[in-house]
Amino acid sequence: MLRCYDVIVIGAGPAGTTTALMLAGSGLSVLLLEKYQLPRDKPCGGGLTPKAQRLLPVPIEDLVLNRAASVQVRYGTGLSTSFRSKRATIWMVRRRELDQRLAEAAARRGVEIHDGESFRSIDLGHEIQIRSTRGYYRGRVAIGADGAESRVANCLRLPRAHRWMVALETEVEVDGDPLAGEAIVDLGVPGGYGWVFPKGSSYNLGVGSFYPKTAMELRWRFDRFTTGLGFHIRDPLFPVGHRIPAGPVRGPLHRGNVLLVGDAAGVADPFFAEGISYSLLTAHLAARVVVDYLAGRSSELSSYTSLAKAALDKEARLWRLTAKVVHRFPALSLRALAASRFLQWEVERAVAGEMSFCQQWSRPA
């Protein structure tokens, strides 16, 4: 007879591991499946906004390689402005180290972690049965946290995101720290941007776009962007491509007793395609709903979709409107940003999660 877990979580990124950790902290039995051996590398800029910092379930200050309080926003090589903001400081980390820290904390809390084991299929019912590359498991609830190309979402035929950013990025070693810790955001990529995230002697470099035509051109745009940076990169560049699904939430994020969190739910913002803060928020919401459900305080999990939409959709629509304007008029938008302290203030508030008409970015009750 197979053991029946209270919850089976599929995917050990920030969303899945945070959900597992919080559920185990509530006394539930939790199995966490991850298809890769931990620790593992993952394409990601590794920038943690203040929104994400406040939602992290464990301290990670010792993993922070750079606290980027200054950002140079530019349009190609001809137009740029820099501004500093302590309230919107971005913590730069390596995803390999962040995910490992969360997994270690989850294991200490009692989560049973099976890494190097891939999810294959799921059968719904009063108890869920999950098939992996190693066998079968039973659970009362399952959490799909298996990323942008979520196999769980596909198995359940749940709708995916409205918009996708296609990104091409890599992490490289540089001589010294030529940017002195200042991040770069370049609006010269149609429908997206290029970026440099300094992490001491290593930099994360990338380009991404929401426009399908531009996505087909990303390799040469990546080469042109990195060549124009003006500092020495020690090694050849081997960028990795991936997709990022962005909000607003499309359709339900649950089916039966299965929930989607993080990139599997398609909740990254539709301008920067920043996803970690939104992934962590879905983890908090999902954990709260599942605990109530398994304790008998609610009869179904549908409230999770409602909570996620209420928390995220207004902000996603704001970012989407911003993207439409900036992507159509990048040079004009940058000039307006450089000339207006009010606009800079609004950007700072948005990055810091302090916009009063959007979700307040503190730990959900």
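This is a predicted model: local features need pLDDT of at least 70, side-chain atom pairs count only at pLDDT 80 or more; totals for chains, interfaces and linings use all residues.

Residues are numbered from 1 along each chain as its sequence is written, and side-chain values use heavy atoms, with hydrogens and water left out.

Let's begin with the sheet. Helices (H or I, at least four residues) and strands (E, at least two) are DSSP runs, numbered from the N terminus. Two strands pair if DSSP finds at least two bridges between them. Here, seven strands make an open sheet with mixed pairing, in the order β6-β5-β13-β14-β15-β12-β16. Because β6 (79-84) and β16 (240-246) are at the edges with a single partner strand each, one side of each has no neighbour in the sheet. From one strand to the next, the twist averages 20°. Inside the sheet, β12 and β15 run antiparallel and are joined by eight bridges. Ala167 sits opposite Gly208 in β15.

Now for two helices. α1 (residues 14-25) packs against α7 (residues 276-294) at about 35°, with the axes 8 Å apart; axes are lines fitted to C-alpha atoms, for helices over the stretch in contact, and angles run from 0 to 180 degrees between N-to-C directions. Contact means heavy atoms within 4.5 Å. Among the residues making it are Met22 and Leu23 of α1 and Val290 and Val291 of α7. The contact residues divide into ten nonpolar, four polar and no charged. In these classes, Ala, Val, Leu, Ile, Met, Phe, Trp, Tyr, Cys and Pro are nonpolar, Asp, Glu, Lys and Arg are charged, and the others, Gly among them, are polar.

On a 1 Å grid over the protein atoms alone, a cavity is a set of points where a 1.4 Å probe fits but cannot get out, while a pocket is an open set with protein on both sides within 12 Å along at least five of seven lines; lining residues have an atom within 4 Å of a point.

| Space | Volume | Lining by class |
|---|---|---|
| Second largest pocket | about 280 Å³ | six nonpolar, three polar, ten charged |
| Largest cavity | about 60 Å³ | eight nonpolar, one polar, two charged |

Which strand gives the most to the lining of the second largest pocket? That is β12, with five residues. For the largest cavity, helix α8 (residues 303-328) supplies the largest share of the lining, three residues.

Notes: Grid points are joined across faces, edges and corners, and a volume is the space filled by probe spheres set on the points.
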